[in-house]
Amino acid sequence: MLVDCAAVADGYEEWADDLADDVPRGEPPVVIVRRADTLSGDGLQRLTTLLTGWQGAPPDQAPAWVVVTLGDESAGSDVQGCLMPFFAHTVEVPPLRHRLDDLQRLVPHLLARHTANRPLTVSDACLRQLMRLPWAGNVRQLDQVLADAARRRRSGTIEVADLPAECRTFTRRQLTKLEAIERDAIVRSLAANRGNKEHAAADLGMSRATIYRKIRAFGIVPDHS
């Protein structure tokens, strides 16, 4: 049973009651509570009350396993102080940017969640591009990117051109808002002109030399050479 706390805007009492009622019907009774750090004070209190009740409940009335995930920003917060006493083991998962090789397994797994049994895969070039990105939003950001790509490409193979504009570039520095707008405009123009840089530059009202310079500066990966 997977529960995403970020989706619980309010109504914590009803949320906790529903979870308590659903657990005895789970087979096997395993509960994964995601993003517990997004709960408000009331929600956190409801969760700790629920965990306390499960600790003293008979086996058929409590989960066999409970997993709670917390974001990096919750480190040292009251959330950890409230929840950690309930758990004997903790596992720190490194940011996705530190384990990019995992994308080879993560991408097919996440993509399958958005294809509804449609025959859709990711090209080798697209996977290489995904492995070059910093993924500040970790797996959640990767999942959203694949969901967007799956909406663009209904079947066949997802190529670099099917990725959102921000994923078709490679730069380590943080772009300003104006630079990001300019980068996205160049990416869209290149896509509309099938990678022809001269035509893309003309559409954008810039010189050929300027678009080449900005492609290098923004680390844009063209659809075609």
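Modeller: Happy to. Let's begin with a definition: a residue is buried under 20% relative accessible area, exposed over 50% and partly exposed in between, using a 1.4 Å probe and protein chains only. This is a predicted model, where local features need pLDDT of at least 70, side-chain atom pairs count only at pLDDT 80 or more, and totals for chains, interfaces and linings use all residues. Residues are numbered from 1 along each chain as its sequence is written, and side-chain values use heavy atoms, with hydrogens and water left out.

Biologist: Which residues of α4 are buried?

Modeller: Leu103, Leu106, Val107, Leu110, Leu111 and Thr115 are the buried residues of α4. Helices are DSSP runs of H or I with at least four residues, strands are runs of E with at least two, and both are numbered from the N terminus.

Biologist: What do the buried residues of α4 pack against?

Modeller: They pack against β4 (120-122), α5 (124-130), α6 (138-152) and β5 (156-158), where contact means heavy atoms within 4.5 Å.

Biologist: Why are α8 and α9 called roughly perpendicular?

Modeller: Axes are lines fitted to C-alpha atoms, for helices over the stretch in contact, with angles from 0 to 180 degrees between N-to-C directions. Under 35 degrees counts as roughly parallel, over 145 as roughly antiparallel, 65 to 115 as roughly perpendicular and the rest as oblique. Helix α8 (residues 197-204) and α9 pack at about 105°, with their axes 9 Å apart, and therefore they are roughly perpendicular. Lys197, Glu198, Ala200, Ala201 and Leu204 in α8 meet Arg208, Ile211, Tyr212 and Ile215 in α9.

Biologist: Is Lys214 buried or exposed?

Modeller: Lys214, in helix α9 (residues 208-218), has a relative accessible area of 15%, so Lys214 is buried. Leaving aside neighbours within four places in sequence, Lys214 is in contact with Glu182, Ile186, Met206 and Ile220.

Biologist: And what makes Asp184 count as buried?

Modeller: Asp184 has 17% relative accessibility, so Asp184 counts as buried. Asp184 lies in helix α7 (residues 177-192).

Biologist: Why is Asn138 called partly exposed?

Modeller: The relative accessible area of Asn138 is 23%, which means partly exposed. Asn138 lies in helix α6, and its phi is near 60°, a positive value in a residue other than glycine.

Biologist: Last one: what leaves one side of β1 and of β3 without a neighbour in the sheet?

Modeller: Strands pair if DSSP finds at least two bridges between them. The open sheet of three strands has the order β1-β2-β3, with parallel pairing. β1 (2-4) and β3 (65-68) each have a single partner strand, so one side of each lacks a neighbour in the sheet. Three bridges join β1 to β2 (residues 30-34), and Ile32 in β2 is the bridge partner of Leu2.
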